[in-house]
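Subject: Structure for your files

Hello,

Here is the structure I promised to pass on. My notes on it follow below.

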Amino acid sequence: MNTDLLIKATGLGVNLGGRQILHQVDLELRKSQLLTLIGPNGAGKTTLVRVVLGLIKPDQGSLSRADGIRIGYMPQKLFVEPTLPLTVRRFLQMAAVSKSDVGSLLDEVRIAHLLDQQVSRLSGGEMQRVLLARALGRDPHLLVLDEPAQGVDVNGQVELYELINSIRARHGCGVLMVSHDLHLVMASTDEVICLNKHICCHGKPEQVTNDPAYLAMFGRREAQTLAVYTHHHNHSHDIKGAIVNESCCDDHDSNGAHKHG
Amino acid sequence: MADFLVYALVAGISIALVAGPLGCFVVWRRMSYFGDTLAHASLLGVAFAILFSAQLQIAIIVSCLVFAALLLALERRQALATDTLLGIIAHSTLAFGLLVLSFSDRVQVNLTAFLFGDLLTVTQTDLIWIVCCCVLCAVTLFCFWDKFLAITVHKELASIEGLPVDRLYALLVVLIALLIAVAMKIVGVLLITSLLIIPAAAARRLSSTPEQMALGAAIAGCLAVSGGLTMSYFWDTPAGPSIVATAFVLFLIAYLRPGANA
């Protein structure tokens, strides 16, 4: 297996309860690569993620993972019973993180103030960041994020995706992400896989959004929305610093384009 | 103090010390009905043991473990909703248990002792059984505490982080089954889960970490046992129900206390 390759899957098929959920899915993920998985509800995105994580064994095909790979997983959501008293600190320590690291992890996802907060009382956005911190706690080679921005408001979504991108730049880990917000992740995504039980189309984001299979699945309207967003993004480079400065710097750093003072 | 009272106190406290922390998992994982079912089912084991004159303590432990394995297997197959399944098993095993008992010729069997417990008749042999099983449960629980907690908070995260989730859950169920088997003597089949749940629930409002809650539950359990036994000694009330009633009062105090963290 190529040394840069984290995950290689060929011809994956999964049947659950007599239904074919995945059919002939090929997937490759390299170091520092961000791969986004999109597709309608019931397309098997979560199933594919679970196969990659090793939670489900595929019925057909093969999956190989790099030797000694550490995977950090951020589940769609986490419900903690209100009867279970659990602080953010304790929750992060479960990932076998040493005590001093918990603080720096929370700094990295910018929620250091939540250290002693009860997990069951966190807001949606705070919870997602705590989950991200736990995934990072394993110092992963591969981050697997299942709809990381679910239940987060629009501003929070933008910030969260920028955070994920800056984390990828800093740690050099591969990222496999399920996301509906292609317009938000387009700029940073290296490759998109459009899944509907099988792979409809895949490639660079710009290619995928013009692919007939993609247009057929998501319809013209969604495609146009995307076009608008893409357009918006092209222009936003000029004025970006004026609107959101912190995220701007992260973005530019990771692209290596230029730096603000 | 009379011997029987010392035995009762030692037996009750050993069980309370384990039931508190273990009960926290029962509360966190919403397994109270599971515990009830296991307890009811073990009465069937008791009935057969009496019918075939087998050693009672062993019969109870074996039948608890067998039913625990059965429940685990059924739960995994998910043929019916879990609560429906548990309801069917809990009540039919209780019914069959009572039926089998009625066939027994030697009906000196004191049914209420099994249903509501008979702590004051604990013998030295009983005590040894109880203490040994409690020590075994306590040591296992202590060693696996972090792992049990991890699978309770998020099964899949725990699995990805390398824990054998299914096996750990099975071990937790075995511990619960073992504790129920030995605690039957104290509070009986019908009241057993209260010893797991009420102290844990009482400790919840006063704690902000899982470990605090476990410790609080153990303390609350000990208070309930000593309170209940005192009540039983002075007012001649049945010991099992007295313990549960005391636990409930403790729970009420914890919940009505103003300003505790909810």
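B:Asp236 is exposed, with 8 other C-beta atoms within 10 Å. Burial is counted on C-beta atoms placed from the backbone: a residue is buried if 20 or more others lie within 10 Å of its own, exposed if 12 or fewer, and partly exposed in between. B:Asp236 sits in the loop between α9 and α10 (239–256) of chain B, and its phi is positive, near 60 degrees, in a residue other than glycine.

This is a predicted model, in which local features need pLDDT of at least 70 and side-chain atom pairs count only at pLDDT 80 or more, while totals for chains, interfaces and linings use all residues. Residues are numbered from 1 along each chain as its sequence is written, with chains lettered from A and ligands numbered from 1 in the order in which they are written.

Chain B

Chain B has 10 helices and zero strands. Helices here are DSSP runs of H or I with at least four residues, strands are runs of E with at least two, and both are numbered from the N terminus. Of the 262 residues in chain B, 47% count as buried. The C-alpha atoms fill a box of roughly 55 × 45 × 30 Å along the principal axes. The radius of gyration of chain B is 18 Å, which agrees with the value near 18 Å for a compact globule of 262 residues. That radius is taken over C-alpha atoms, and the globule rule is 2.2 Å times the number of residues to the power 0.38.

Contacts are pairs of residues whose C-beta atoms, placed from the backbone, lie within 7 Å. Among contacts in chain B between residues at least 6 apart in sequence, 77% join residues at least 24 apart.

Helix α1 of chain B packs on α8 (residues 165–204) of chain B at an angle of about 90 degrees, with the axes 9 Å apart. That makes α1(B) roughly perpendicular to α8(B); the word covers 65 to 115 degrees, with under 35 counted as roughly parallel, over 145 as roughly antiparallel and the rest as oblique. Axes are lines fitted to C-alpha atoms, for helices over the stretch in contact, and angles run from 0 to 180 degrees between N-to-C directions. By class, the contact of α1(B) with α8(B) has 22 nonpolar, three polar and no charged residues. Ala, Val, Leu, Ile, Met, Phe, Trp, Tyr, Cys and Pro count as nonpolar, Asp, Glu, Lys and Arg as charged, and the others, Gly among them, as polar.

The contact between the chains

The contact takes 19 residues from chain A and 17 residues from chain B. On the side of chain B that touches chain A, at least two residues each come from α1 (3–28), α6 (124–153), α7 (155–160) and α9 (210–235). Of these, α7(B) gives the most, with four residues. By class, that side of chain B has eight nonpolar, six polar and three charged residues.

Chain A

Six strands of chain A form an open sheet with mixed pairing, in the order β5-β6-β7-β3-β8-β9. Strands β5 (71–74) and β9 (198–203) of chain A stand at the edges with a single partner strand each, so one side of each is left without a neighbour in the sheet. From one strand to the next, the twist averages 15 degrees. Two strands pair if DSSP finds at least two bridges between them. Within this sheet, β6 (residues 142–146) and β7 (residues 174–178) of chain A run parallel and are joined by five bridges; one of the partner pairs is A:Leu142 with A:Gly174 in β7(A).

Two helices of chain A lie across strands of this sheet:
- α1 (residues 45–53) of chain A lies across β3 (34–38), β5, β6, β7 and β8 (191–196) of chain A, at about 155 degrees to β6(A). Its buried residues are A:Lys45, A:Thr47, A:Leu48, A:Val49, A:Val51 and A:Val52. A:Gly54 follows α1(A) and has a positive phi, near 85 degrees.
- α4 (residues 124–136) of chain A lies across β5 and β6 of chain A, at about 170 degrees to β5(A).

Strand β1 (residues 5–16) of chain A is antiparallel to β2 (residues 19–30) of chain A, with eight bridges joining them; A:Val14 has A:Leu22 as its bridge partner in β2(A). The two strands β1(A) and β2(A) form a hairpin with two residues between them, and A:Gly17 in the turn has a positive phi of about 55 degrees. β1(A) also pairs in the antiparallel sense with β4 (residues 60–65) of chain A over five bridges, where A:Ala9 is partnered by A:Leu63 in β4(A).

A:Gln24 lies in strand β2 of chain A and has a positive phi of about 50 degrees although it is not a glycine. A:Gln24 is partly exposed, with 13 other C-beta atoms within 10 Å.

Regards
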